2 protein chains.
Amino acid sequence: MKIDGTPYRCVWVEPSDGWSVRIIDQTRLPWSLEFLRLTTVTQAAHAIRSMQVRGAPLIGAVAAYGLALALRADPGAEAMERAAAMLNATRPTAVNLRWATERMLTRLRNTAASDRAAAAYEEAGLIADEDVAQNQAIGRHGVELIRIVHAATDRPVRVLTHCNAGWLATVDWGTALAPIYTAHEESIPVEVWVDETRPRNQGAFLTAWELGRHGVPHTVISDNAGGHLMQRGAVDLVIVGTDRVTRSGDVANKIGTYLKALAAKDNGVPFWVACPSSTIDWAVSDGLTEIEIEERDASEVTTITGRGLDGKVTTVRVAPSGSPAANPAFDVTPARLVTGIITERGRCTADAAGLAGLFPERA
Amino acid sequence: MKIDGTPYRCVWVEPSDGWSVRIIDQTRLPWSLEFLRLTTVTQAAHAIRSMQVRGAPLIGAVAAYGLALALRADPGAEAMERAAAMLNATRPTAVNLRWATERMLTRLRNTAASDRAAAAYEEAGLIADEDVAQNQAIGRHGVELIRIVHAATDRPVRVLTHCNAGWLATVDWGTALAPIYTAHEESIPVEVWVDETRPRNQGAFLTAWELGRHGVPHTVISDNAGGHLMQRGAVDLVIVGTDRVTRSGDVANKIGTYLKALAAKDNGVPFWVACPSSTIDWAVSDGLTEIEIEERDASEVTTITGRGLDGKVTTVRVAPSGSPAANPAFDVTPARLVTGIITERGRCTADAAGLAGLFPERA
């Protein structure tokens, strides 16, 4: 997608040298746009661990390029396995990370050491390109939902989203935002309600920033406002991403997603979940009992980082000292509240039959 | 209630001089506890307008004392009417404000100028004492709900609340928190989940502070977390306050209340609303179509105030510059989601029959 008119991906090989890896430092957004140049696998691992890159698909692609950097320095089998282990250890729960390093190793273990670095760059490029293609396909399947509303109303289509499942979470296009960017490309007018998404504010910090820089009309709201907006008929459609979908259609996503799904159901607003099929966990059926919810540090609730009037990025405390806080990071939206899933193969109902229909080889 | 062991009200007459009016400056909470001394009606009006005092019952009591200050300076009829008009103009939507000044004027217009100041102090004192008595009654009727859960489980009762309907919003005891303080006095163990309540953070800033200073166990959570906690069985009861209840039981309250009511319904968690009968608007039936929702300034969403690591209270921007924000301040929870209303006369179902049963003279 574009930043003020210039197209970018979230990870790419620096064209001037043909080997170093460039990323956007997402810990600095939305306050400043800074590009980092990764030259070692250690730097790549640090970028993932410190969340300079985040979002499962993007983490996988950066890990793949990290392995390429490692092999450029030392193409030996031992160094390769050590580099993969280092990358895998950065974020233990991200499924795409292990998937990407496994895919790389499968190819590279059968490649002569002298050819490994070149093969690694090629495979990492394929992983990145496939992510983009998958997200574009999600965009094509999802934009139909927006097109239908626009055709029926002839006014901008108001889509609410939670957290960040935009191009910043992937190599490009995003998942939940892919249908929105596709609509924007096709000149279907869209207006996005962006939940700020406390406590980490990925909505206000990342989603609002990427939509704004690409030129998509949007409005930031507190997480509390979505139900009211749906009651007043101001939301045509909800589209969110997901961290894990069970084979029965339950959806784990950023904390607060469940509340928006309840409000959508109560007001007859379609509630869609966009994800690549790699996010479907075919081994799990009941999201509420089988998905463990990460409890993150209380300081994410009791403090917030923003830009002061002096221009400096500052962290302030927003709870009384002495008041404890709890910070469950995700919740599970039961399938009964989900209108459907948008995948790279098309849309389906959020249930075992719907998912099995699109992915018969997995069900 | 107590602040670190010392009992306070939110407004009182300074005992050392017998006439000046003391308040807690709530704009400085939770960062510092500062008491203000009001000596003129202009100062009282400023305290209400600038939200040094807030919460409908407290505003009414401070306005009543403001009129007493005015009459101490000039007991003439013209000055009295001018002072009442100035107080009424501070917060045009607060029902209790006009109710309190009307009650004061009704008594004072029939009082000789020479007796007016003394009568005004007496009437203001009655208004304050009646507020406290009403809230204590709400506490007695509400604590039964907590007692029943404790008797059945023999463990601390986990109550979730949204925004601040505590003693800081009233003269003392609060509305939603009155049952909680009553339970605490009766040694029934309670643990309160405090929604931070973006965008103005009255939960984290005021509710957490007053519970903490009084010694009531509590945990601050992001507004997104409540649904998840209810799904996992971590909430026994929701109690919130309200700005207006329709005669059919619809409840207008701080934005986000509706989302918690939906989650409570979905998980079989009782959802109670506590208010004095003055909050019931007998002229309004359908909350969704008849209650206008205040749209407040976008800066409340795009900025947040907290305490920096340097100890200074600082306002930081938490949305990208260029991203607009919307800020509806209240929402309406339909009566069908409300388990019941707790009033000074007892509990009732949230419907026309329930409310009419408790208040037959109004229905």
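A salt bridge is here a side-chain nitrogen of Lys or Arg within 4 Å of a carboxyl oxygen of Asp or Glu. The legends below describe views of a predicted model.

**View 1. A salt bridge between E196(A) and R198(B)**. The closest N and O atoms of E196(A) and R198(B) are 2.6 Å apart, and because the cut-off is 4 Å, the pair counts as a salt bridge. Side chains of opposite charge can pair when their charged atoms come close. Across the interface of chain B and chain A, 4 salt bridges are found. Polar contacts between chain B and chain A join 26 residue pairs, with both residues at pLDDT 80 or more.

**View 2. Relation of chain B to chain A**. Chain B is superposed on chain A by a rotation of 180 degrees, with 0.0 Å of shift along the axis and an RMSD of 0.1 Å. The two copies are thus related as by a two-fold rotation axis. Of the interface residues of chain B, 98% are also interface residues in chain A, so the copies meet through the same surface.

**View 3. The side of chain B that touches chain A**. In this interface, 63 residues of chain B are in contact with 63 residues of chain A. About 4700 Å² is buried between the two chains, and carbon and sulfur atoms give 58% of this area. The residues of chain B that lose the most area to chain A are N224(B), Q231(B) and L259(B), which together make up 14% of what that side buries. Between chain B and chain A, the count of residue pairs in polar contact is 26. Elements of chain B that give two or more residues to this side include the helices α7 (202–214), α8 (226–231) and α9 (257–267), and the strands β14 (303–308) and β15 (313–317). The largest share, 7 residues, comes from α9(B). By class, the side of chain B that touches chain A has 33 nonpolar, 20 polar and 10 charged residues.

**View 4. Strand pairing between the chains, β15(A) with β14(B)**. Strand β15 of chain A, residues 313–317, pairs with β14(B) in the antiparallel sense, over 2 bridges. R317(A) stands opposite R307(B), a residue of β14(B).

**View 5. A salt bridge within chain A, R9(A) with D129(A)**. The side chains of R9(A) and D129(A) meet at 2.9 Å, N to O. This pair links distant parts of the chain, 120 residues apart: R9(A) lies in the loop between β2 (6–7) and β3 (11–13), and D129(A) lies in helix α5 (residues 113–153). Over all chains, the structure holds 46 salt bridges.

**View 6. Antiparallel pairing of β3(A), β4(A) and β5(A)**. Strands β3(A) and β4(A), the latter residues 21–24, run antiparallel and are joined by 3 bridges. V13(A) has V21(A) in β4(A) as its bridge partner. β4(A) also pairs in the antiparallel sense with β5(A), residues 35–38, over 4 bridges. Here R22(A) stands opposite R37(A) in β5(A). In a regular strand the side chains alternate between the two faces of the sheet.

**View 7. An open sheet of 4 strands in chain A**. The strand order is β13-β10-β11-β16, with mixed pairing. The edge strands are β13 (280–281) and β16 (330–333), each of which pairs on one side only. Strand β10(A), residues 244–246, and β13(A) pair in the parallel sense over 2 bridges. T246(A) stands opposite D281(A) in β13(A).

Key: Residues numbered from 1 in each chain as written. Chains lettered and ligands numbered in written order. Predicted model: local features only at pLDDT ≥ 70, side-chain atom pairs only at ≥ 80, totals over all residues. Heavy atoms only, no water. Least-squares fit on C-alpha atoms with pLDDT ≥ 70 in both. Contact = heavy atoms within 4.5 Å. Buried area = accessible area lost by both parts, 1.4 Å probe. Polar contact = N/O pair within 3.5 Å; in protein donor to acceptor, adjacent residues only side chain to side chain. Nonpolar A, V, L, I, M, F, W, Y, C, P; charged D, E, K, R; others polar. Pairing = 2+ DSSP bridges.
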